[in-house]
Each structure stands twice: as structure tokens, then as C-alpha cells.
Amino acid sequence: MPGASRTRSGSWTPGASPARPRRWNLAWLGLATAATAAAAVVVITTTTGSPALVRPHQSPPVASAPMSTQQILLAAATTAQTRSDSGTYWHLKSEYSGRGGKRTFPKRLNETWVGRDGQAWVASEAGDSVYKVKGRKSFLLADNQVTFAQIQQLPTDPEELKAWIFDKIDNGDGDVDPTARDWFAASSLTTLLGELPAPPEVRAAAYRALATMPIVKSTGPANDSLNRPGEGLEISDLGVDMKVIIDPDSSLVLGSSYRSGKDGKIFKEGTTTVLTSEWTDNLPPLVPAPKPTGPARG
């Protein structure tokens, strides 16, 4: 995820590293209650001669109170803990667009399949096949490259997971300013949830850790750029605002956007839409890796 001083993203290049609305339970009428309600119906003939139904003493429905930030995150944690992590390949497909200053970056689509041994495949330009990448894939978390094996060993206790991230984050040229540590930690936890093949217990811990951070606040129901419904969250601090849309029913991060600026002036902004983040046993047809292009030698 992008940070105040640099872009923080799970995207990577070969050889380097880069709700649904809440499903409320309806209290259905039992048979006895339904029979009583039916008996209470009065039939009145209108001036047009057609019958109208009137239900006396019928109270208007009571609107459910909106869920708090903690309730949303803890509900997502409960779901995350039961999500399956079986499969041969971690399949991630995401789309990013943004701008910095006066420069607008073209929309970029990233799609990878990563095996448990770190071997990776990337979608070909045609999009219906893949090619193998040299070396082993690593993931970017809290400004550090982490391997698949390291992700599996992340703490499953929320406070310990936050401590691990606090210990790792830096802005590329030293430790992060203490006043910015909470923002970077929350951003890193969101990256973990949206892009990394973390075990269910680690994903649950990440949601529970976010639930303890005051800078993470609910903004209510929201739709992502693909109009998929979810719950909106805002992580705002030090002039950097990040908006995240999660689906508590599946514990998936649907997308995020960020904006940094000061005194009304925007320095950087971008949007990431997570199209797919799942384990799968299926790998598209394999094709040869494209030949590198560059200036001719001679």
C-alpha cells in the first residue's frame, strides 16, 4: 500500500520485489404468529369495489443500528479465520491507476500465480496464458521483502503482529517518523489482507489488529470501482488518506484508494482494485517468456 513518502504496493517486477451489504438475520414469523396475524386482517371494500387489506396495530419496521468500526473488523476476522488456504497457487489479479503531481500513470493490470515454493508465473500479454518467471517470488510487507515461508510464520496474535510490523517498517532511508508509524502499520496490515497469501489465523489477527487502531474508521456501506458492495474504511493521518473497501462476509479486500497532500494541494493519489485473491489448483497454459527488449548492442 502506498505511504506518505513512497508508493506502498504489493506489485512486483521479475527479479525484484515490489459487501456485500451486511447480511442481517431476519426474524421470521413462526406458524402460530403467522396464523394470529392473518386472523387480525380486516377486509375493507374501497369505493372502486376492490378489497383492501388493513393490519391493525402493525408497527413500522425498526431500522438496524449501523455497525461500528470494531464490529465490522471483528466480523471480518471471524470470517477470515474460517477461510480455506488450500491450493497449489496463490492467484492475485489487481488493477492500479494513479497520478503524482501533474503526471498521470496509465492503468496497470498485474496478474500472478505463485507456488508454495516461491516459483511464480505471470499472465502473458494475451491474458489467456502464463510464462514462468526466473528466481523466486517475494512479497512486499512493511517495506521489507518477505518470502512465502516467512508469511506463513507471521504472528497470529494481533498485538504481536502489530509489534512485528512496527519493528519492520521504514521509509527506505531509515526508521519511519514515530508520528507516522500507526498509518504505515495500518497500511501494511491492509496490504497483507489484500495481496499476500497469509494463513487464515494471520488474516484474522490482521483484522483484529486494525480494530484496535483509532485511525481506522468506518465510513459505512460503499461500492468499489466495479460496483461491488462492501463496507468502507478510512485510514487518515498526517495528510494521507486511504480508503479501503472490504467484504466482511468473505473477509476479502475489494480495493483501496489513497491521497496525500497539504493545504488542499494533492501530491499523490491512486486506486487499486483487487479483482482476484485466492488459492487455486489451476494454472493457465504455459508459454515461453517474452524476450527482453532494449537498445540494440553493437
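## Aromatic pairs

Rings of Phe, Tyr and Trp (for Trp, its six-membered ring) form a pair if their centres lie within 6.5 Å; planes under 30 degrees apart count as stacked, over 60 as edge-to-face and the rest as tilted. By this rule there are four aromatic pairs here. One of them joins Phe148 and Trp279, edge-to-face, with 5.9 Å centre to centre and 90° between the planes. Phe148 belongs to helix 3 (residues 148-152) and Trp279 to strand 13 (residues 265-280), so this pair brings together distant parts of the chain, 131 residues apart. Helices (H or I, at least four residues) and strands (E, at least two) are DSSP runs, numbered from the N terminus.

Ring pairs also link Trp90 with Phe148 and Trp279 in a cluster. Phe148 has 9% relative accessibility and so counts as buried; Trp279, at 13%, is buried too. Buried means under 20% relative accessible area, exposed over 50%, and partly exposed in between (1.4 Å probe, protein chains only).

## About the model

This is a predicted model, in which local features need pLDDT of at least 70 and side-chain atom pairs count only at pLDDT 80 or more, while totals for chains, interfaces and linings use all residues. Residues are numbered from 1 along each chain as its sequence is written, and side-chain values use heavy atoms, with hydrogens and water left out.

## Helix 2 meets helix 6

Now look at helix 2 (residues 69-81) and helix 6 (residues 200-210), whose axes come within 8 Å and cross at roughly 175°. The axes are lines fitted to C-alpha atoms, for helices over the stretch in contact, and angles run from 0 to 180 degrees between N-to-C directions.

Contact means heavy atoms within 4.5 Å. On the helix 2 side, the residues in contact include Leu73, Leu74 and Ala77, and on the helix 6 side they include Arg203, Ala204 and Tyr207.

## Around helix 6

Nine of the 11 residues of helix 6 are buried, so this helix is largely enclosed by the rest of the structure. Among the buried ones are Pro200, Val202, Arg203 and Leu210.

Thr156 sits in the loop between helix 3 and helix 4 (158-168), and is partly exposed, with a relative accessible area of 48%. Leaving aside neighbours within four places in sequence, Thr156 is in contact with Glu201, Val202 and Ala205.
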